[in-house]
Amino acid sequence: MKKKKAQALFFTVALAMGLLSVGCGGGDEAAEGKTVIEMVQYKQEAVDVFEEFEKGFNETHDDILLKIDSPNDAMTILKTRFIREDDPDIIGIGGDINYSNFLDAEMLMDISDLDCLADIKQNYLDTNKDLEYVPQEGVYAMPYMANAAGILFNRDMFEEHDWEIPTTWEELLELCETIQSEGILPMYFGFKDSWTCLAPWNAIAVDLCESDLTYKVNSGETKFSEHYAEVAEKEKALLPYAQKNPVAQSYNDACTAFARGESAMYVIGNYAIPQIRSVNPDMNIGSFVFPASSNAEENILNSGNDLMFCVMSTCKNKEAAYEVLRYMQEDESIRTYLDAQSAVPCKKGDFDVVPELEEMREYIENGLVADYQDHHYPSEMAVDAMIQTYLLDDSADATETFMERFDTEWVRYNKDIIAKVKRYEEGE
């Protein structure tokens with residue numbers, strides 16, 4: 001049974017963290033005969049918004065009681081609860097490898113019959129299909145909010161110096177040279193936190209690699225080394241335009257430096273904007289698509305499903321869970337979220353693009369987006385640390401060494417998935 005497979009998958013994690021004391025959310029004297037729907041969501045920075053959602057839903061529904069939990073380290077807590085067979089009804093997660101694993105373990109309900117799915121932009125539904133290890137029938141998540149990653153820039157600084165937004169790789173390097181010649185630091189990185197090494201990596205890769213690259217690698221059609229070498233070399237080519245030792249500064253350091261005007265640009269996603277504004281609330285922040293290609297028409301916005309809702313296969317009250325999802329999809333609910341977070345709604349409709357993403361409007365409105373490559377990477381492979389090591393490697397064969405390691409480690413950590421894809425390809 002796939003549920004047991006999922007339990008085995010998460011057992012090591014749970015033992016490492018200790019079995020957390022997380023009780024069942026069913027609870028029940030407070031429900032007073034109502035159907036209780038419990039949601040666990042992982043967006044810690046949006047706790048206040050979800051508290052507002054819980055209150056608003058319960059005030060407008062007499063027969064359903066919604067309980068939303070937004071714990072620290074939500075994914076570890078969820079995996080521990082799955083081991084205990086103490087599943088919530090709905091989970092709010094990101095579109096990454098965790099979703100792929102939950103789906104593969106048959107833990108998620110097919111919600112194809114949910115009416116409000118018709119209001120979701122097709123490209124974000126397609127993004128989830130790319131996260132399936134092998135193609136599956138059905139829909140298993142309702143995309144809610146997407147993010148947008150490229151290059152944040154200081155609008156006031158750009159206007160003061162008459163710098164233009166670059167649309168090709170060559171224009172980006174030329175801009176960096178110009179900024180540097182004027183005595184200003186072009187970029188700032190926080191590579192001490194290795195996960196931030198993935199921000200340029202993903203933004204470059206969406207322009208240079210196909211969105212289904214991972215599946216093609218798993219099917220034996222190609223290798224990452226045939227596609228990622230240029231991605232790696234272009235990320236390393238940015239280092240001369242950043243502070244001298246980018247691995248000495250953390251994500252928070254980089255956000256603070258950019259907020260204080262210590263650099264003109266910062267290669268990171270919109271998720272950094274609240275942190276930057278906590279330092280400089282009045283900063284005039286813009287964001288443009290990373291131009292990794294020599295052809296401007298090949299530029300694609302790096303945008304993935306930052307928050308989506310899945311109904312667990314063990315949920316006993318499907319219609320009540322659907323009513324919660326319909327509430328979340330109401331325009332008023334979406335605008336409440338947007339007012340609090342600089343995000344991109346996955347729902348079709350007349351929603352304003354947040355001011356910081358105005359330069360990305362064309363891509364957002366026309367669906368010119370592609371998911372993060374790292375959403376397909378198993379955490380055990382530690383690709384972020386591999387990239388960090390590569391960026392520090394000044395040897396002549398650094399790229400070749402990195403690519404060989406990437407291909408080797410991929411097979412090591414994905415043997416089961418590669419075998420699954422092979423069986424699928426062979427019609428088994």
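Mentor: We can go from the whole chain to the sheet and then to some of the helix pairs. Keep in mind that this is a predicted model.

Trainee: How many helices and strands does the protein chain have?

Mentor: The protein chain has 18 helices and eleven strands. Its radius of gyration is 22 Å, close to the 22 Å that the globule rule gives for 428 residues, so the chain is as compact as a globular protein of that length.

Trainee: And what box do the C-alpha atoms fill?

Mentor: Along the principal axes, the C-alpha atoms of the protein chain fill a box of roughly 70 × 50 × 40 Å.

Trainee: OK, the sheet. What order do the strands come in?

Mentor: The order is S2-S1-S3-S9-S4-S10, in an open sheet of six strands with mixed pairing.

Trainee: Which strands stand at the edges?

Mentor: Strand S2 (64-69) and strand S10 (344-345). Each has a single partner strand, so one side of each is left without a neighbour in the sheet.

Trainee: How many bridges join S1 to S2?

Mentor: Six, and the two strands run parallel. S1 covers residues 35-41. For a place to look, threonine 35 stands opposite isoleucine 64 in S2.

Trainee: Which helix lies across S1 and S2?

Mentor: Helix H13, residues 318-329. H13 also lies across strand S3 (90-93), strand S4 (142-146) and strand S9 (305-311), and runs at about 55° to S1.

Trainee: Moving to helix pairs. What do I need to describe one?

Mentor: Two packed helices are described by the angle between their axes and the distance between the axes.

Trainee: Then at what angle do H13 and H14 pack?

Mentor: About 60°, with their axes 5 Å apart. That makes H13 oblique to H14. In the contact, Tyr327, Met328 and Gln329 in H13 meet Asp331, Ser333 and Ile334 in H14. By class, that contact has three nonpolar, two polar and one charged residues.

Trainee: How about H2 and H14, how far apart are their axes?

Mentor: The axes are 10 Å apart, and helix H2 (residues 47-60) packs against helix H14 (residues 331-340) at an angle of about 160°. H2 and H14 are therefore roughly antiparallel to each other. H2 passes H14 in a right-handed crossing.

Trainee: Which residues in H2 and H14 meet?

Mentor: Val49, Phe50, Glu52 and Phe53 in H2 meet Ser333, Thr336, Tyr337 and Ala340 in H14. Sorted by class, this contact of H2 with H14 has five nonpolar, two polar and one charged residues. Ser333 also turns up in the contact of H13 with H14.

Trainee: One more pair: at what angle do H10 and H17 cross?

Mentor: Roughly 135°, and the axes of helix H10 (residues 225-236) and helix H17 (residues 398-413) come within 10 Å. That makes H10 oblique to H17. The crossing of H10 and H17 is right-handed.

Trainee: And which residues in H10 and H17 meet there?

Mentor: Ser225, Tyr228, Ala229, Ala232, Glu233 and Lys236 in H10 meet Ala398, Thr399, Phe402, Met403, Phe406 and Asp407 in H17. By class, the contact of H10 with H17 has seven nonpolar, two polar and three charged residues.

Note on methods
Residues numbered from 1 in each chain as written. Predicted model: local features only at pLDDT ≥ 70, side-chain atom pairs only at ≥ 80, totals over all residues. Heavy atoms only, no water. Axes fitted to C-alpha atoms, helices over the stretch in contact; angles between N-to-C directions. Helix = DSSP H or I, 4+ residues; strand = E, 2+ residues; numbered from the N terminus. Parallel < 35°, antiparallel > 145°, perpendicular 65-115°, else oblique. Left-handed = near helix turned anticlockwise from the far one by under 90°. Contact = heavy atoms within 4.5 Å. Nonpolar A, V, L, I, M, F, W, Y, C, P; charged D, E, K, R; others polar. Pairing = 2+ DSSP bridges. Rg over C-alpha atoms; globule rule 2.2 N^0.38 Å.
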